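Open the model in your viewer and keep the selection tool ready. Each stop below tells you what to select and what to look for.

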Amino acid sequence: MFEGIDDIAWATLRHNYGTAENIPGLLRAAARGEPAANANDSLDNLLLHQGGWVCPAATAALPFLLDLIEAPGAADRIEHVELIAFLAREAAGVDPAYIDDGWGRAWSAAFPRVAKLLDDPAEDVRRSAAWALGHSRHEAPAAIAGLRGRFAREPAAIVRADLLDALEELGDGEWIAALRDDRDPTVAVNAVLKTHARNGSTVDTAELAAVLTALGGMDEPEIHRPILAAESPALTPADYLAVVGVLAEHPEPSRRLAAIGLANLLLAEHRDLDARLISLLTPLMDGPDTRRKALGVLAAVAAPLPGLYANHLGDPAAGVADAALWALVRTGDARCVPVLCEAIATGERHTRGHDSLPHVWSLPSLGELAELVPGAFVPEVLTAVRARLAAGPHSARLDYLHTLVAWGTRASAAGPEVEALVGTDADHMARQALDAIAPSTPSPPEAAELSDPDSWRRTRAAHRLWRATGEVTVAARILVPVVEEALDGPRALPVGRAAIAHLAEMGAAEAKPIARRVLAEDRRLRYFGGWRVFTEDEAWRRAAERILEA
């Protein structure tokens, strides 16, 4: 394992936070198993973070990530496969100027090892491997052959759907179209929808009826993700609303769960469907699974149903009370405060995830919940956070240090607890938190920083210029194009959200045209999946409204 790792001049390579001399140690820590969780999180953050480029350190680390996956008895294999798949996606989608020159050669060398993972015993590994191969355009013939071969022998419907997605990504539409008459209704309907999407046509009433008929033999995950993907143009939003209505009234629990999943997908894409979908979801409170998932979706979209949420705060079914608390936080209900403070004092949900799919089944960490409470509730919640910083485990401290960064100067009272963490294993985040809660006037950036080709560094430099000098015009001249570029792709890049927040903070009149463009967007402005689909969109629009009000 790790043959040649010490022959690489890691200190000359860059990742998202600087030079890469720490990468070999993190790879070895992940291989040892005991501290693997922290090492895995760090590798993901340093090599991928929020995407937007493929860094030289990722190129160098690629074969060693595969070593971790292939090691007998290796832990956390799926996390490494997912990281590789995300890197492959970025390499296929970003401007070539932001892809390390060596990535193409490294990926070609790694491709046979990634393709072998299609036959891995673990279903999640096979799914992520399919996703990675779907972005292997330079090896498309070999990738298509491998994906077709696996499809022929794959027993799991959810993996077959992912294999079809990958083949569609690689342009294998004619082969997919030939599956319209497959005996497996999951495959047949998926092929129908993908073929219509490829041809730019819509499914007629008869075919919509066929979709509903085919649902008779499927389990819930096979319905809401592989079959009725809301991003497909094969069905119109009105068609999907009809499908949700039929599924929501179905006597089988799996169909009602599928209605919630499909509603989630629709809400993630279409802002104008909120009221109609909320009315379909509200009655779905009969079983614990439907209750938990319906509450999660209603919370994510901040549906104004405070009485419903409060009634489930004491619900004994797994996850339901947590979803109800999340919903009360999202709707700014004061009843969330004592419950949240108690959860902070004793709870253990401190993992901050960044899902790619829009499903909201994973709830925010407790620190993320605290970030989202209205400003009037911050002082009381801060008291609970300070106590946890002083006495909580490492995972809780990291979670709540992120919370303090989000709160900024409103959390200045936590200074003593944060200072006590400087020099500990939470040192990096503690220093970030101190900078956020007690910011000092920075020195102006160098001219080269303001023209840095990296949009994140350019954005931070422009903000620093304004903080140091009060200069709005020059800073806005740098930040507005960052926002424009972030909006141009299918996903709204996080750097654009940071840039427009800075413009709102500055009260930059120069940003009014781009603010109007943001508010005119009818899509959800988001980069990540899960509940962040909705909070990111709200953050974009809140900043735009502040700019226009200034």
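Predicted model: local features only at pLDDT ≥ 70, side-chain atom pairs only at ≥ 80, totals over all residues.

**Stop 1**

Is Glu154 buried or exposed? Its relative accessible area is 5%, under the 20% cut-off, so Glu154 counts as buried.

Glu154 and Arg126 form a salt bridge, and their closest N and O atoms are 2.8 Å apart. Glu154 lies in the loop between α7 and α8 (157-169), while Arg126 belongs to helix α6 (residues 123-133), so the pair ties together parts that are 28 residues apart in sequence. Arg126 is buried too, with a relative accessible area of 7%.

**Stop 2: a second link along the chain**

Select Arg532 and Glu368. They form a salt bridge, with 2.3 Å between the closest N and O atoms. Which helices does this pair tie together? Arg532 is in helix α30 (residues 532-549) and Glu368 is in helix α20, so the bridge joins parts 164 residues apart in sequence. Both Arg532 and Glu368 are buried.

Asp119, Arg126, Arg150, Arg153 and Glu154 form one network, joined by salt bridges that share partners. How many salt bridges does the structure hold? The count is 34.

**Stop 3: Glu90 and its surroundings**

Move to Glu90, in helix α4 (residues 77-93). Its relative accessibility is 3%, so Glu90 counts as buried. The side chains of Arg89 and Glu90 meet in a salt bridge, 2.7 Å from N to O. Arg89 is buried as well as Glu90.

Next, show Gly52. Its backbone nitrogen lies 2.8 Å from a polar atom of the Glu90 side chain. What else does Glu90 touch, leaving out residues up to four places away in sequence? Its contacts include Leu48, Gly51, Trp53 and Val54. Arg491 and Tyr527 are also among them.

**Stop 4: Arg491, Tyr527 and Phe528**

Look at the ring of Tyr527. The charged end of Arg491 sits over this ring, 4.0 Å from the ring centre. Tyr527 is buried, and Phe528 is buried too.

**Stop 5: the aromatic rings**

A pair of aromatic rings is described by the distance of the centres and the angle of the planes. How many aromatic pairs are there? There are 7 aromatic pairs.

Select Phe2 and Phe64. Their rings form an edge-to-face pair, 6.1 Å centre to centre, with 80° between the planes. This pair links distant parts of the chain, 62 residues apart. Phe2 is in the segment before β1 (14-15), and Phe64 is in helix α3 (residues 56-70). Phe2 has 9% relative accessibility, so Phe2 counts as buried. Phe64 has 4%, so Phe64 counts as buried too.

Ring pairs link Phe2, Trp10 and Phe64 into a cluster.

**Stop 6: positive phi angles**

Stay on Phe2 and look at its backbone. Most residues other than glycine have a negative phi. Phi of Phe2 is near 65°, a positive value.

Jump to Ala302, in the loop between α16 (288-300) and α17 (306-311). Here phi is near 55°, again positive in a residue other than glycine. Ala302 is partly exposed, with a relative accessible area of 24%.

**Stop 7: one face of helix α19**

Select helix α19 (residues 336-346). Which of its residues are buried? They are Cys336, Val337, Leu340, Cys341, Ala343 and Ile344. Turn the view to look down the axis of α19. The buried residues fall within an arc of 160°, so they line one face of the helix. The face turned away from that buried side carries the exposed residues Glu342 and Thr346.

What covers the buried residues of α19? The cover includes α18 (320-330), α20 (366-371), α21 (378-391) and α22 (394-407).

**Stop 8: Ala143**

Finish in helix α7 (residues 140-153), where Ala143 sits. Ala143 has 1% relative accessibility, so Ala143 counts as buried. Show its contacts beyond neighbours within four places in sequence: Phe111, Leu133, Ser136 and Leu170. Phe111 is 32 residues away from Ala143 along the chain, and their C-alpha atoms are separated by 8.7 Å.

Key:
Residues numbered from 1 in each chain as written. Heavy atoms only, no water. Phe/Tyr/Trp six-rings, centres within 6.5 Å; stacked < 30°, edge-to-face > 60°. Helix = DSSP H or I, 4+ residues; strand = E, 2+ residues; numbered from the N terminus. Buried < 20%, exposed > 50% of the residue type's maximum accessible area, 1.4 Å probe, protein only. Lys NZ or Arg CZ within 6 Å of the ring centre and 35° of its normal. Contact = heavy atoms within 4.5 Å. Polar contact = N/O pair within 3.5 Å; in protein donor to acceptor, adjacent residues only side chain to side chain. Arc of directions from axis to C-beta. Salt bridge = Lys/Arg side-chain N within 4 Å of Asp/Glu carboxyl O.
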